[in-house]
Structures are given as C-alpha cells and as structure tokens.
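The following note sets out, point by point, what may be of use when examining this model. Please read it with the structure open.

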Amino acid sequence: MKLLNFLRGEAFQRGVHPPSHKEATADRSIRRLPFAPQLVVPLSQHIGKSPKPIVRVGQEVVRGQLIAQSDDWLSVPHHAPATGVIEAIELRPSARGPWVESIVIRVQSGSTQEDLWGKPQDLSNATPQELLQAIWDSGMVGLGGAAFPTHAKLTVPKQAHVHTLVVNGCECEPFLTCDHRVMVEEADALMAGIRYGMRATSAVRTIIGVEDNKPDAVKAIQAAIDKIGATDIFVEAVPTKYPQGSEKMLIMALFGVEIPSGGLPVSLGMVVNNVGTLAALGKLLPAGRGLTERVVTVTGPGVARPGDYRVPLGTPLKFVLEYAGAEVNSRQVIMGGPMMGQSAASLDVPITKGVSGVLVLRGEDIAEREQRVVYPCIKCGECVESCPMGLNPSILGMLASRRDYEPMGSHYHLGDCFECGCCTYVCPSNIQLAQQFRIAKQVLRERATA
Ligand code: SF4
Ligand code: SF4
C-alpha cells in the first residue's frame, strides 16, 4: 500500500469541497429493480456511430441476446436487457434531449433475471487483441458517466507503452454512491476485471485510487487483493476533494504529475478505467455475456426509498422513480450528480449505459433554484480560484454571454474545460458558467464540422 508514497503528490490544485450528501445510500446494499413492462434501448448512447438493429418488429428475444451492432471502432453493440418481443424500432426521447432511434421491447411477464444468451469463454490464454475483441463484444462503455467505449479506451496506440492501469474509485460527485457500493460488494469481480485490463494493455501494475471518505471500500479492495495474493495491484486512499474523480486530477493525486493540455494519460504510460466498468467486465467476460444492466444511485430529498439499484438498461425513468418512491415531475430530476448532471428531458427517458445516478429534488428546492437571480460578474475571481484546469472562467463566461465563441477555443483553452461545475458552484453572481461552456463547445463542434 505504501509503495507509492515516494511518488505521490498532494491533491490537485484548486477544486471545491461541496457537502457529500452520500449518507442516505452509502451503507445500503445494492438492490435489484424488477423489470418494467416495456424497455427502451436507444441505439445512440455514446460517441461514435450508432449500431444498427439486427432484430425486427415482432421478433422474440431472450435476455442478453445481441440486438444491435456495428463494425465502427467507436461503436458498441447492444444486448436485450430482458426476454420479450420487439414491439417497435422508432424515435424515442433520450437522456440527452433529442429523440433517437430506439429498440422497444415488450417484456415477457415473469421474465427471468438470468442471462439466457452467451456462453462461458475461457480467456486465460487470450492475446491482448482477443481480449479487446471480447470486451468490444460485451458492449461495455465507461460506466462512470462518460460512456466511452471500453475496448477503445484499453487499446494502446502504436508507439505508446502502458505500464500502469489506474482504476478510478473516487466517485467525487455529491450524492452518488454506485461505485462505492460496487467496491464494497464486488471487489472480487473488480480484481478479475483488473486482470483483463492489465492483460489487454500489457500494464505491469494497477493502482486503484479511492477517496479517503470511503474507508470500507479501501478495506474491501485490500481484502480482495490479499485473497488473490496479488503483488502488482495496489489500493491508495487519495484526498477527498471535488473533482478528484477526473482522470487528470486522479493522476496528479497519485503520482504528482500533470497530463499536458490536450494530452491523454497514455502519453504518461497510463490508462484509466472506472471501478464499475472493470467490475462489470470481471463478471461478464468469463460468462461470454453482454451488458444488460448497471448500478444506479437513486437519491435526493425527493425520494422515499433512496438506494443503489441494479437497473435493467432501457428501464424508463418514470418506472425507476415510482419504485424508489418519488412522485415528481421532470424539472425535479437530474440525471447524474448535482455538479455535472443535467436535468432530465422527460420522465420517459430510459436508463442507459452512462447513467450513474438519478438525483431527485423537492418542489421547494426547484423553486429556490429557479428564483435565484443572476447578477453581473463582479470580477471576484472565485471561479478562477476554483478551476482545477487553471482556466479563467470569468473571461470565458463574459465571451459566452456575448456568444463570442471563437476566442474561447483559440485563446482561452475552452477545450480543456471538462464541465466539472466548480466555477458555477462558487460564483456569487449565480452565473451558470459550466452550462454556458457546454453550449459554447457544442457550437464550436458544429461549426468545425459544417
Ligand atoms: S465567480 Fe462569478 S462573479 Fe466572480 S469572477 Fe467568476 S464569474 Fe465573475
Ligand atoms: S467547468 Fe470548466 S471552467 Fe469551470 S471550473 Fe470546471 S474545468 Fe474550469
């Protein structure tokens, strides 16, 4: 455990310490959500091309069966989250806002939770390429929220050399505890997933970074390491600070080194993966199965039965909320945590691979938020002091308010902003800086491809 002490840096500079609000769910075991009568699987759930449906309306499918696939390297297949009948392939609302083509499954009543598709595979002698193919086939994406295809993330570019697999168990977003519970309850599966990740990347060691406000997770992981007698897997507690769960901040905290602007961890010989992703791989790969469910934190002052739920992918948000005891409208629901999450477009949106949390606010919380007056910037510098990337959100915000987007990218490094929300959190003028930056990036992306 202390092997790395000579290497470790302090916590990254700046950042914030929002209240954690994790007490409602942190100590509760993961519970399984039943199947909703209908599941909706959007084809587009991540960057890259959408996979194409390979089923037709009226066809019967079994849980785990491949229902959409693509040859595109940045695309992943989808698997039926339940046994049932394909009811429609049509446009449906998505968590990101726009309607997207989706496969709608009418779930067979009494449907089993067992995966009926896929057959056990022995990957003990698989080459890195064969492992990457198996990971691709599983439909896995980063379950930490980014939903980047995992096989692509674990692919080491030619000319690069990876020595360390960094596993992100920080979960710094307030309210969210799904990663925490996975670390406590599924540490053995995490070890199996880490072994796959190390072999796929040829990394010779793994460092698991966990915020020091989760000592039970550190203990469970250490016990799992000891159980398999691993001498190349280490767990390290890192300071609790937001956004410690960002790749760059975690690497800074663990190794005291900074990833250069525009660079990736692989430039320093590292690949970063989330604990939930690797634990899921540790279970799916030996069984030869695809991703059909994920753990989601459902919490907040508007929920009667908060908890971490194992949710079949495609479950409508409305069904999740009813089960957890939340009678709310979509304005009260945030997909994700309060710092980086986004308001739910509607209660009909489904849970997808990248949804780690559902935060439910009360009517009075929303009224208070909506009545907040936005004042002009008073140049207090609080946002500059909080930005972990060393940007100047004050100037960026000024440019965004004038819709003067070009210099934001060319002169003020908007591309380095990862929308952590620290600047918005500290701004005494209530300026929605991170939201403005998200829009600015979208506009610049569209202009670049026009
Ligand atoms: S924190 Fe808000 S008010 Fe202060 S400088 Fe930044 S944008 Fe302006
Ligand atoms: S949202 Fe962007 S600009 Fe604001 S603090 Fe985070 S990285 Fe910095």
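1. The buried residues of helix α11 are covered by elements that include α10 (382-386), α12 (406-410), α13 (422-426) and α14 (433-449). Helix α11 itself spans residues 393-401, and its buried residues are P393, S394, L396, G397, L399 and A400. The model is a predicted one, and the points below should be read accordingly.

2. After α11 comes R403, with a positive phi. The value is near 55°, and the residue is not a glycine. R403 belongs to the loop between α11 and α12. Its relative accessible area is 65%, so R403 counts as exposed.

3. Is E419 buried or exposed? With a relative accessible area of 18%, E419 is buried, the limit for that class being under 20%.

4. Ligand 1 has a shell that contains S394, a residue that is buried in α11.

5. Turning to the fold as a whole, the chain has 14 helices and 17 strands. Its radius of gyration is 21 Å, close to the 22 Å given by the globule rule for 450 residues, so the chain is as compact as a globular protein of that length. The C-alpha atoms fill a box of roughly 60 × 50 × 45 Å along the principal axes. Of the 450 residues, 54% count as buried. The accessible surface comes to about 19600 Å², and 53% of it belongs to carbon and sulfur atoms. Among contacts with a separation of 6 or more, 74% are accounted for by residues 24 or more positions apart.

6. In soluble globular proteins, nonpolar side chains tend to be buried together. Here the largest nonpolar core has 51 residues, and L165, I194, I208 and I221 have the most contacts inside it. Elements that each supply at least two residues of this core are α1 (128-137), β9 (164-169), α3 (178-185), α4 (187-201), β10 (205-211), α5 (215-228), β11 (233-238) and α7 (275-287). Helix α4 gives the most, with eight residues. Leaving out residues up to four places away in sequence, I194 touches L165, V167, T206, I208, I233 and L278. A second, separate core has 21 residues, including A324, A326, L347 and I351.

7. N273 lies in strand β12 (residues 270-274). Its relative accessible area is 6%, so N273 is buried. Neighbours within four places in sequence aside, N273 is in contact with T150, K153, L154, V166, V167, N168 and L278. Of these partners, V167 and L278 are also touched by I194.

8. The peptide bond from Y242 to P243 is cis, with omega near 0°, and P243 sits in the loop between β11 and α6. Within α6 (residues 247-255) is K248. K248 and P388 are 140 residues apart in sequence, yet 9.4 Å apart in space from C-alpha to C-alpha. Apart from neighbours within four places in sequence, the contacts of K248 are with I259, P260, S261, G262, G263 and M389.

Note on methods: Residues are numbered from 1 along each chain as its sequence is written. Chains are lettered from A and ligands numbered from 1 in the order in which they are written. This is a predicted model: local features need pLDDT of at least 70, side-chain atom pairs count only at pLDDT 80 or more; totals for chains, interfaces and linings use all residues. Side-chain values use heavy atoms; hydrogens and water are left out. A nonpolar core is a set of buried Ala, Val, Leu, Ile, Met, Phe, Trp, Tyr and Cys residues joined through side-chain atoms within 4.5 Å. Buried means under 20% relative accessible area, exposed over 50%, partly exposed in between (1.4 Å probe, protein chains only). Helices (H or I, at least four residues) and strands (E, at least two) are DSSP runs, numbered from the N terminus. Contact means heavy atoms within 4.5 Å. A residue is near a molecule or strand if one of its heavy atoms lies within 4 Å of it. The radius of gyration is taken over C-alpha atoms; the globule rule is 2.2 Å times the number of residues to the power 0.38. Accessible areas come from the Shrake-Rupley method with a 1.4 Å probe; for residues, only the protein chains shown count as cover.
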